[in-house]
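Please read the following alongside the sequence and the model. The text goes from one element to the next and stays with what the coordinates show.

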Amino acid sequence: MKSALKFANLAALCLGLMSVTASPPAGAQPLPAIAQVPPSPPPALPAGTKVTCTQGPGTGAASATCPVLKYDGYTYWALSYGDNRIGMVIAAYDAAGALAAQWEKPGARYVYGITVNPANKTVTFAGQTDAKITMTWDELVPPPVVVQVPPAPTPAIPPGMKVTCTQGPGTGAAAATCPVIKWKGYTVWAYSYTDNRVSMGIVAYDSLGRMVAQWEKPGARYVYGITVNTSDKTVTFAGQTDAKITMKWSDLLAAPAPQWVLQPGPQGATLKQISVGSANAVWGLDTAGFNWKWTGAAWQKMGGTVTNISTASDGTLWATNPPDSLRVLKWDATGNKWTWNLPTGMKQVTAINANTAWGLDNGGSLFRWTGSAWEKKGCCVSQLSVGADGELWATNPPDANRVLRWDGTKWTWNIPAGMTFVSVGNAKNIWALDGSDQVYQWSGTAWQKVPGALRNISAAGDGSVWGLNAQGLVYKWQ
């Protein structure tokens with residue numbers, strides 16, 4: 001929930017997969033469904049096929065309707081051949097009526113019925129003499145399609161990314177078009193990064209141009225081509241020096257595990273600390289000592305100058321300013337200014353709410369705010385963090401990077417050491433950084449490493465976690 005600054009030589013953030021949860025495309029449904037439609041041919045009838053729907057397995061009499069399958073935004077027709085061979089073409093059409101995929105399946109002709117088996121996840125097409133063709137639901141997924149589009153305009157590009165499409169693997173010359181994937185109602189772009197790291201930002205947009213999923217994939221940059229492999233169901237993005245990134249089809253629209261997602265930074269400033277009380281109470285402190293408030297879409301500059309901030313779960317913002325006589329301050333949201341009518345003497349403060357806080361003095365002694373004075377409780381640590389539930393932890397790098405927990409009367413140190421910085425949202429949301437800027441999350445019994453390298457991190461009681469990398473770029477765990 002609260003965070004103090006961690007000073008060190010800092011590594012750049014190594015991001016992994018990141019995303020937001022994708023919504024299903026319009027018309028998508030969780031299970032295949034059968035519909036009866038007029039026997040008129042679909043808009044794009046594959047060459048050599050025809051619509052032949054009969055009244056049953058023992059008659060060639062034409063039916064007044066044809067059974068079709070509705071699944072995942074597509075409509076599937078079971079077509080017969082013009083030469084009357086014993087086979088069907090299962091053709092998938094998208095919502096616009098365009099042919100998206102087709103499969104040639106021998107064994108039956110002249111469809112009269114379609115059945116769905118939810119237990120086995122299969123669809124069966126029944127025809128003349130009750131011969132049948134069965135396909136799995138997975139088989140019915142049309143492959144992604146690669147199309148060329150102009151490099152501008154694009155949908156909203158995530159912060160830190162850019163469009164860089166080249167003419168080939170051995171040239172940096174810009175291409176007149178960019179390859180993108182069209183699949184299941186989504187458009188997927190392969191962006192590069194503004195800092196030119198060797199990674200691509202794979203971003204999916206829905207039919208309205210809204211971003212629905214995002215991944216960072218290291219290994220290649222500056223896309224020039226995309227290929228689809230229908231055998232192993234993968235998509236490959238090719239870039240500079242012909243380096244390649246490969247993803248499974250199933251990964252393209254899956255909701256990945258939480259990862260660090262880049263957020264906008266403050267205009268004209270670089271943050272050195274971030275402090276989170278909740279999803280709706282996020283503050284930053286820039287390198288000049290000015291505090292910035294996150295509005296949900298951008299940073300708003302509020303005031304200055306202080307050295308360290310702490311956001312409580314109720315939204316109260318506390319601060320300290322050691323150069324100014326170890327002053328302790330609170331932010332007056334009404335007057336948009338710092339107030340300093342609190343007793344001084346603290347180099348760091350970490351707050352639970354407007355009336356409850358803990359502090360450290362220059363000697364590392366622990367103090368608790370009683371509402372009217374700082375009451376000494378213990379000694380000696382280097383950095384503090386308290387959660388919304390009162391869970392208080394500390395680190396003490398000079399003592400073998402020890403991590404400590406306050407038991408109500410004293411510090412205990414039965415927690416694995418190795419951390420130089422800790423941030424506590426509550427007893428179940430505790431994060432830490434080690435001396436190499438690696439990120440860890442407390443499992444309840446051990447530190448579990450999380451991908452990334454951060455300079456500063458802050459956790460909140462509602463599960464929110466934000467961080468800063470070495471360049472001051474802002475990231476949110478989601």
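A residue is called buried when its relative accessible area is under 20%, and exposed when that area is over 50%. The model discussed here is predicted. Its chain averages a pLDDT of 90, and 93% of the residues score at least 70. Residues 1-29 are another matter: pLDDT stays under 50 there, although the model has 126 contacts beyond four places in sequence for this stretch.

With that cut-off in hand, consider strand S44, which covers residues 456-459. Asn-456 and Ser-458 are on one side of the strand, Ile-457 and Ala-459 are on the other, and all of these residues are buried. Both faces of S44 are therefore covered, given that buried means under 20% relative accessible area.

What does S44 pair with, and in which sense? The partner is strand S45, residues 465-468, and the two pair in the antiparallel sense over four bridges. Asn-456 has Leu-468 of S45 as its bridge partner. Five residues lie between the two strands, which form a hairpin. In the turn, Gly-463 has a positive phi of about 100 degrees.

The loop between S44 and S45 also holds Ser-464. Is Ser-464 buried or exposed? Its relative accessible area is 10%, so Ser-464 counts as buried. Not counting residues up to four places away in sequence, Ser-464 touches Val-276, Ser-278, Ala-279, Asn-429, Ser-458 and Ala-459.

Next come the sheets. Four strands, in the order S36-S37-S38-S39, form an open sheet with antiparallel pairing. The edges are taken by strand S36 (383-386) and strand S39 (411-412), each of which pairs on one side only. Within this sheet, strand S37 (residues 392-396) and strand S38 (residues 402-406) run antiparallel and are joined by four bridges. Asn-396 stands opposite Arg-402 of S38.

Another open sheet has three strands in the order S9-S10-S11, again with antiparallel pairing. Why is one side of S9 and of S11 left without a neighbour in the sheet? Strand S9 (113-117) and strand S11 (132-136) stand at the edges and each has a single partner strand, so one side of each has no neighbour there. On average, neighbouring strands of this sheet are turned by 20 degrees against each other, direction ignored. Strand S10 (residues 122-126) runs antiparallel to S11, and five bridges join the two. Thr-122 stands opposite Thr-136 in S11.

The last stop is Ser-199, which lies in strand S18 (residues 199-205). Its relative accessible area is 5%, so Ser-199 is buried. Leaving aside residues up to four places away in sequence, the residues that Ser-199 touches include Tyr-191, Ser-192 and Tyr-193, and also Lys-217, Pro-218, Gly-219, Ala-220 and Arg-221. Glu-216 is touched too, and the side chains of Ser-199 and Glu-216 are joined by a polar contact of 3.3 Å. Further along the chain, Ile-245 is 46 residues apart from Ser-199, and the C-alpha atoms of the two are separated by 8.8 Å.

Definitions and conventions
Residues numbered from 1 in each chain as written. Predicted model: local features only at pLDDT ≥ 70, side-chain atom pairs only at ≥ 80, totals over all residues. Heavy atoms only, no water. Buried < 20%, exposed > 50% of the residue type's maximum accessible area, 1.4 Å probe, protein only. Pairing = 2+ DSSP bridges. Contact = heavy atoms within 4.5 Å. pLDDT = per-residue confidence, 0-100. Axes fitted to C-alpha atoms, helices over the stretch in contact; angles between N-to-C directions. Polar contact = N/O pair within 3.5 Å; in protein donor to acceptor, adjacent residues only side chain to side chain.
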